[in-house]
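Subject: Structure for you to look at

Hello,

Here is the structure I said I would pass on. My notes on it follow below.

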Amino acid sequence: MARLVIVSNRVPLPSERGPRAGGLAVALADALRPGSLWFGWSGRRSAANADVRLQRSEGISFATIDLSEAEYRGFYVSFANGVLWPLLHFRLGLVEYRREDYEAYRAVNRKFADAVAGLLRPDDLVWVHDYHLFPLAEELRRLGVRNRLGFFLHTPFVPPALLHALPRAAEMLRAMCAFDVIGFHTHSYQRAFLDCVREILPVTRIHEGGFMHDGRHVRAIVDPIGIDAKGFAEAAVQAADSPETLRLRESLSGRALALGVDRLDYSKGLVNRFEAFGRLLAKYPKHRRQVSFLQIAARSREESGSYQRLRRELDRLVGDTNGRYSEFDWVPLRYMTTTVRRQVLAGFFRIARLGIVTPLRDGMNLVAKEYVAAQDPTDPGVLILSSFAGAAEDLTDALIVNPFDADEIADAMHEGLAMPLSERLRRHAALRERVWDTTASKYCATFLAHLQSDETPVPRLRLQVAS
Ligand code: GDG
C-alpha cells in the first residue's frame with residue numbers, strides 16, 4: 001500500500017500535545033497508519049534554516065522545519081491570516097495586502113516544497129491541507145515531483161466577484177491546478193471554485209467533478225469533514241460526571257445552560273451572538289435568572305490587530321450585558337478566553353440546553369457536530385446553527401438562523417428554551433443520523449479513494465466548453 005504523506009502548516013507534534021490536542025490530528029486519525037509521514041512547520045521561529053527535524057511516535061513520522069521571524073510575519077501572520085483568511089470568509093474590508101507578504105508566502109511554499117520533495121518516495125500519496133499551502137503542488141511539480149497530490153480546503157471558497165479582489169488571483173488559481181484532487185466541505189464551495197476556474201483560467205472540458213488544465217485532469221470533490229461521533233458521544237457520557245461538569249452544574253443552580261465554544265475569531269460571529277443574548281433578556285424577561293450563557297473562546301492569532309480589536313469589543317459587550325442584567329446571585333454571560341480540555345468540553349456540551357453556533361462564515365464548524373454527538377438522546381438540547389456554516393448544508397434540523405440578525409438569534413434562543421421534549425427528540429434524532437453518517441473516518445476514506453484513483457471521470461454534466 002502506498003505511503004500517506006500529510007502536509008499542513010502546523011504539525012501536531014506528539015511532544016506538544018496540550019489541552020487543545022484535537023483539530024486536524026483527530027480528523028485524520030483514521031488515515032494515519034504506522035509508516036505515514038506528517039510534514040509542516042514546527043511552530044518555532046529561528047534564524048532561517050531549512051533543516052528537517054524528525055520525530056517518531058506510534059510508527060508515524062513527524063518531520064518539521066522552522067521559519068525565520070520574517071517568514072513567520074510575511075507568510076503566516078500577514079498573507080495567510082491577514083489576506084487569505086479574511087478573503088475566504090467574505091471579509092474584504094479586513095484584507096491587508098502587501099506585495100512583499102505575497103512574495104514571502106510564495107517563498108515559504110517553495111521552502112516547504114524543497115523539504116517535502118527530499119522526503120518523498122515515488123509512489124507516496126501526498127495530502128496537503130489548507131489555504132497556507134495553495135501553491136505547494138506547483139512548487140513540487142517544478143521540482144519534478146510526479147506523485148498524486150491532493151489538497152483539502154478547510155475554509156469556504158469564494159465566488160469570482162470576491163476572488164477578483166485578490167491581486168494575482170489567476171496566478172494563485174493556476175497554482176492550485178497542479179493538484180490532482182481538490183476537496184471542499186460543501187457543494188457551494190465546490191461550485192464557487194469551479195466558477196472561478198471557468199471565469200479566470202483557460203480550462204477545457206469543465207464538468208461538475210473537475211476540468212482539464214494544462215493537459216491534466218483536476219478533480220474537484222465535495223467531502224464534508226466530520227468527527228468521531230461514537231468516540232465523542234462516549235467521552236460525553238463519561239465526562240457528564242467529571243468534577244468539572246459537576247462544578248459547572250452546581251454553579252447553574254438549576255438554570256438552563258446556553259453554550260458557545262469557538263476560537264476567538266471574527267468569523268465566528270461572537271459580537272452578534274453576545275448582542276443576541278442581550279436581546280433575549282430584553283425581549284423575553286421571563287428568561288432572566290433562568291438561563292446562563294457560557295462562552296468559551298480560546299484566544300487565537302493574538303499578534304494581529306483585527307483580533308486585538310475583536311477582543312476589546314467583546315470585553316466591552318460582556319461588561320455591558322452583565323452590568324445591565326446581573327443580579328447579586330446571577331451573572332448572565334460567562335466568558336472565558338482560556339482553553340478547556342477536550343474531555344471536559346464533552347461534558348459541558350452534554351449538559352448544555354442550547355448549543356450556540358452562529359459564525360458569519362465557517363468552512364464546516366465541528367463544534368456543531370460535537371454538540372449533537374454529546375447530547376443525551378433521551379433528553380437532548382437544541383442546536384442553533386448559522387446558515388453560513390458549512391455544517392448547515394447537512395444539519396438542516398437545527399434551528400437555522402441568519403447570524404447577522406441578532407433578533408433572529410434571540411428568537412431562536414427563546415424557541416429552543418421553550419421547545420417541548422417531543423420536538424427536541426425529533427430534531428435530535430435527525431441531526432444525530434447526519435453526524436453519524438458524515439464522520440471523520442468517512443471523510444478520510446473518501447478523500448483517499450479519490451486521491452488513489454487516477455482515472456479521469458467521465459463528465460456527467462457538461463457546463464461549458466472553453467476554447
Ligand atoms: C477550521 C475551519 C472547519 C475549541 N475551543 C476549544 C477546543 N475547541 C475545538 C472544538 C473543535 C475545534 O476546536 C474547532 O473546530 P471548528 O471546526 O469549530 O473551527 P476552526 O478551528 O475554525 O477550524 C472550520 C475546521 O477547520 C475543520 O475542517 O470545520 O470551518 O474554520 O473541535 O471542540 N478544544 C479544546 N478546548 C477548547 O477550549 N480542547
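Between them, domain 1 and domain 2 bury about 2000 Å², with 56% of this on carbon and sulfur atoms; buried area is the accessible area (1.4 Å probe) that two parts lose on being put together, summed over both. The model is a predicted one, in which local features need pLDDT of at least 70 and side-chain atom pairs count only at pLDDT 80 or more, while totals for chains, interfaces and linings use all residues. Residues are numbered from 1 along each chain as its sequence is written, and side-chain values use heavy atoms, with hydrogens and water left out.

The domain assignment gives domain 1 as 4-225 + 443-465 and domain 2 as 229-437; such bounds come from an automatic or database domain assignment. To the contact (heavy atoms within 4.5 Å), domain 1 contributes 25 residues and domain 2 contributes 23 residues. Their C-alpha centres are 31 Å apart.

Where does the ligand lie? Both domains give residues to the shell around the ligand, so it lies between them. The shell has 22 residues, of which His154, Val340, Asp362, Leu366 and Glu370 come nearest (a residue is near if one of its heavy atoms lies within 4 Å).

- Aspartate 362: a side-chain N or O atom, at 2.5 Å.
- Arginine 263: a polar side-chain atom, at 2.9 Å.
- Asparagine 365: a backbone N or O atom, at 2.9 Å.

On its own the ligand exposes 730 Å², and the protein buries 90% of that (Shrake-Rupley method, 1.4 Å probe).

Regards

Notes. A polar contact is a pair of N or O atoms within 3.5 Å; within protein, one must be able to donate a hydrogen and the other to accept it, and residues adjacent in sequence count only if both atoms are side-chain atoms.
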